[in-house]
Amino acid sequence: MENRGSPITMSPGSQPQSPNMEKYYFKNDYEDYTENNAQNHIKNKTQVSNTSRISLRLGFKWDETLKELENWTTDDYSVYTGTAGVAMLLLRQAPNDRTNLKHIRKNYLQFEALKGKKISFLCGDAGPLSIGAVISHKLEDKKIFDYCIKKLTVFLKFVKNVGSDLPNEYLYGRAGFLYALLYVNKHVSPKPFNETVIRSVITAILLSGEKLAKHLKIDVPLMWEWHGQKYLGAAHGASGILYLLLQAKDYLTEDELLNQIKPTIDFLGAFRFPTGNFPSSLGPGKSDKYVQWCHGAPGFLYMYGEAYRVFGERSYLQAAIKCGDVIWWRGLLKKGYSLCHGVSGNAYSFLELFQLTGEEKHFYRAIKFAEYCLDYTKQKEECTPDRPMSLFEGISGPMYLLLDIQDPMNAKFPGFSL
């Protein structure tokens, strides 16, 4: 068992390279970007060409997805693997159609099944409640809107308690709850959650990070853990937490940004593998194997991209671009097409780079990965997902990408980017 009271002694670059990295991904045989290669895929620099395979097959794929959803039932109400994730997909497709909004709320949010125990957007009650609040606001239904906001507010007493065993990560912890509040504030006017509420969650995350960093005796302001592991990826680890805090920069002080968050980002960069990828967690003997949203370079790409937006240092942009190169060569994952640990999630990384740089190369790469998702075959998926219709593990994720890529400068990784 790890001695959690002793310093972490892992040195940058000391991680052994896995001789079997290739077992996690298919070889990328796509030609990389050139202006000539992009001509048949991109028009007007920011649009998918009308003659591209995505444009030609999008209608068919959407009809096919809706048909498969017709008979799908599950007791799982979460955004991650349940009905609320499909609600996000349907909301993305027709965000202002009142008939669609009523259909979503009635059939996919399952308010009656909420258990009041899990607090995050992706895996807890906060997901359906947040989506319900946004939809009810659009429908001008004050009764259900107030119900959703009240239920979300009840969780605050648990989230603010730094002494509890509540984790801080994205899937189950405080970061996931903070996303829910920011998501509602973005889509509802006037914003229902004031600065005091948002600050209370941010303060709990920062205090937890300070406490663990001091306990571990490491020379970094912040560190978090989940189930005893100092995870680094987007789903359970530091890069995901830091990315969300950076997105909430308007609620942070200059001191917190410059003296807590920025040094922590710089500290994590020291553990990059020579390949450009990152370990899933801190500690000795970590192998270079995962290149997926939940672990590895994709989560770091978002953190570095947002750091570039906030601090303006070009080194962060270069670090994000390096992550993109890793994803291009190693991102056609054998695990399949999903958002969490599949090709569609990796495709969003290129859209993020496109929004950061405006460079057509990244849009082209996103399109090629999206085209890969059009050919949904079992031969390119290691095992069938347990929730094959879900947003983060099933076909709703790739479908969300195919919708989003039609407007690449405004595409947002669902449940992660604001």
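The structure is a predicted model, in which local features need pLDDT of at least 70 and side-chain atom pairs count only at pLDDT 80 or more, while totals for chains, interfaces and linings use all residues. Residues are numbered from 1 along each chain as its sequence is written, and side-chain values use heavy atoms, with hydrogens and water left out. Helices (H or I, at least four residues) and strands (E, at least two) are DSSP runs, numbered from the N terminus.

The axes of α12 (residues 297-311) and α13 (residues 314-330) come within 8 Å of each other and cross at roughly 160°, which makes α12 roughly antiparallel to α13. Such axes are lines fitted to C-alpha atoms, for helices over the stretch in contact, and the angles run from 0 to 180 degrees between N-to-C directions; angles under 35 degrees count as roughly parallel, over 145 as roughly antiparallel, 65 to 115 as roughly perpendicular, and the rest as oblique. On the α12 side, the residues that meet α13 include F300, L301, Y304, A307, Y308 and F311, and their partners in α13 include R314, Y316, L317, C323, V326 and I327, contact being defined as heavy atoms within 4.5 Å. By class, the contact of α12 with α13 has 15 nonpolar, 2 polar and 1 charged residues, where Ala, Val, Leu, Ile, Met, Phe, Trp, Tyr, Cys and Pro count as nonpolar, Asp, Glu, Lys and Arg as charged, and the others, Gly among them, as polar.

Helix α12 also packs with helix α11 (residues 254-269), at an angle of about 140° and with the axes 12 Å apart, which makes α11 oblique to α12. The crossing of α11 and α12 is left-handed. In this contact, L257, L258, K262, I265, L268 and G269 of α11 meet F300, M303, Y304, A307, V310 and F311 of α12, and the residues divide into 10 nonpolar, 1 polar and 1 charged.

Another helix pair is formed by α5 (residues 126-138) and α8 (residues 174-187), which pack at an angle of about 5° with their axes 9 Å apart, and are therefore roughly parallel to each other. Here A126, S130, I131, A133, V134 and H137 in α5 meet F177, A180, Y183, V184 and H187 in α8, and the contact comprises 8 nonpolar, 3 polar and no charged residues.

The loop between α8 and α9 (195-216) holds P190, and the peptide bond from S189 to P190 is cis, with omega near 0°. Positive phi values in residues other than glycine are found at K45, where phi is near 70°, and at H227, where phi is near 50°. K45 lies in the loop between β1 (42-43) and β2 (47-48), and is exposed at a relative accessible area of 54%; H227 lies in the loop between α9 and α10 (238-247), and is exposed at 68%. Buried means under 20% relative accessible area, exposed over 50%, and partly exposed in between, with a 1.4 Å probe and protein chains only.

Two buried residues show what surrounds a helix position. Q247, in helix α10, counts as buried at 16% relative accessibility, and, not counting residues up to four places away in sequence, touches Y170, E306, F416, S417 and L418. F369, in helix α15 (residues 360-374), counts as buried at 0%. Leaving aside neighbours within four places in sequence, F369 is in contact with N28, I327, W328, G331, L332, V343, N346, A347 and F350, while F369 and G345, 24 residues apart in sequence, are 9.6 Å apart in space, C-alpha to C-alpha.

Lastly, the cysteines. A search of the whole structure finds 0 disulfides, a disulfide being a pair of cysteine sulfur atoms within 2.5 Å. The sulfur of C123 is 8.7 Å from the closest cysteine sulfur, in C340, which is too far for a bond, and C123 is buried, with a relative accessible area of 11%. The sulfur of C323 is 15 Å from the closest cysteine sulfur, in C294, again too far for a bond, and C323 is buried at 0%.

Definitions and conventions:
Left-handed = near helix turned anticlockwise from the far one by under 90°.
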